[in-house]
Amino acid sequence: MIQMLAKTYRSAPLSHVLAALDLKDADSLKAFGTKVMLMLDSAEVGNEENEVPVVEKVEGDVVTFAANPDNSKRNRSGFKEGANYCDISSMMAKFALHGQ
């Protein structure tokens with residue numbers, strides 16, 4: 001789920017990210033985010049040189065995800081209020097099918 005958020009948004013409100021990941025606070029997110037890696041560009045699986053932690057930083061109540069082609073190619077890669085579960089599950093299904 002955190003990789004999906006990182007591929008969709010460059011930044012998002014901390015409260016929404018915590019709720020989506022069922023985490024308690026920013027420290028939990030920072031710890032979790034440093035363990036989950038995001039492959040950049042067309043990196044080969046297992047090539048650690050092209051991997052970065054999925055969470056770039058947490059400042060105040062904003063989470064900034066690592067820049068990647070998916071979240072930085074759009075002008076509006078920031079979080080938009082009003083996304084619901086159906087929208088997110090649809091994106092996840094497309095992402096899962098694209099990865100096969």
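Hi everyone, thanks for coming. Please keep in mind throughout that we are looking at a predicted model.

Let me start with the sheet. Three strands make up an open sheet, ordered β1-β5-β4, and the pairing is antiparallel. That leaves β1 and β4 as the edge strands, each pairing on one side only. From one strand to the next, the twist averages 20°.

Now the individual pairings. β1 and β5 run antiparallel and are joined by three bridges; S11, for instance, has T64 as its bridge partner in β5. Between β4 and β5, also antiparallel, there are four bridges. Here E59 has V62 as its bridge partner in β5. These two strands, β4 and β5, form a hairpin with two residues between them, and in the turn G60 has a positive phi of about 60°.

While we are on backbone angles, which residue has a positive phi although it is not a glycine? That is D22, with a phi of about 55°. You will find D22 in the loop between α2 and α3, and with a relative accessible area of 70% it is exposed.

Next, the helices against the sheet. Helix α2 lies across β1, β4 and β5, and runs at about 85° to β1. Helix α3, residues 26-35, also packs on the sheet: α3 touches β4 and β5, and its direction makes about 165° with that of β4.

So what is inside? The largest nonpolar core has 18 residues, and those with the most contacts inside it are I2, V17, L29, V54, V55, V63 and F65. At least two residues of this core come from each of α1 (2-8), α2 (14-21), β4 (55-59) and β5 (62-65). Which element gives the most to this core? It is α2, with four residues. As general background, nonpolar side chains in soluble globular proteins tend to be buried together.

I2, leaving aside neighbours within four places in sequence, is in contact with L21, L29, F32, G33, V36, V54, V55 and F65. The other is V55, in strand β4. Is V55 buried or exposed? Its relative accessibility is 9%, so V55 counts as buried, the cut-off being under 20%. Not counting residues up to four places away in sequence, V55 touches I2, L29, G33, V63, T64 and F65. There is also a C-alpha separation to look at: V55 and A66 are eleven residues apart along the chain, and their C-alpha atoms are separated by 5.7 Å.

Now for the polar side of things, beginning with a buried residue. N68 sits in the loop between β5 and α4 (69-72), and its relative accessibility of 4% makes it count as buried. What does the side chain of N68 have beside it? A polar atom of that side chain lies 3.0 Å from the backbone oxygen of A6.

Last topic: salt bridges. How many does a search of the whole structure find? Three, so let's take them in turn.

In one of them, the side chains of K7 and D70 meet, at 3.6 Å from N to O. Because K7 lies in helix α1 and D70 in helix α4, the pair ties together parts that are 63 residues apart in sequence. D70 has 28% relative accessibility and counts as partly exposed.

Another joins E56 and R10, with the closest N and O atoms 3.1 Å apart. E56 lies in strand β4 and R10 in the loop between α1 and β1 (11-13), so this pair ties together parts that are 46 residues apart in sequence. Both partners count as partly exposed: E56 at 43% relative accessibility, R10 at 24%.

The remaining salt bridge is between the side chains of E59 and K57, at 3.7 Å from N to O. E59 counts as exposed at 51% relative accessibility, whereas K57 is partly exposed, with a relative accessible area of 35%.

To recap, we have an open sheet of three strands, a largest nonpolar core of 18 residues, and three salt bridges.

Note on methods: Residues are numbered from 1 along each chain as its sequence is written. This is a predicted model: local features need pLDDT of at least 70, side-chain atom pairs count only at pLDDT 80 or more; totals for chains, interfaces and linings use all residues. Side-chain values use heavy atoms; hydrogens and water are left out. A nonpolar core is a set of buried Ala, Val, Leu, Ile, Met, Phe, Trp, Tyr and Cys residues joined through side-chain atoms within 4.5 Å. Buried means under 20% relative accessible area, exposed over 50%, partly exposed in between (1.4 Å probe, protein chains only). Contact means heavy atoms within 4.5 Å. A polar contact is a pair of N or O atoms within 3.5 Å; within protein, one must be able to donate a hydrogen and the other to accept it, and residues adjacent in sequence count only if both atoms are side-chain atoms. A salt bridge is a side-chain nitrogen of Lys or Arg within 4 Å of a carboxyl oxygen of Asp or Glu. Two strands pair if DSSP finds at least two bridges between them. Axes are lines fitted to C-alpha atoms, for helices over the stretch in contact, and angles run from 0 to 180 degrees between N-to-C directions.
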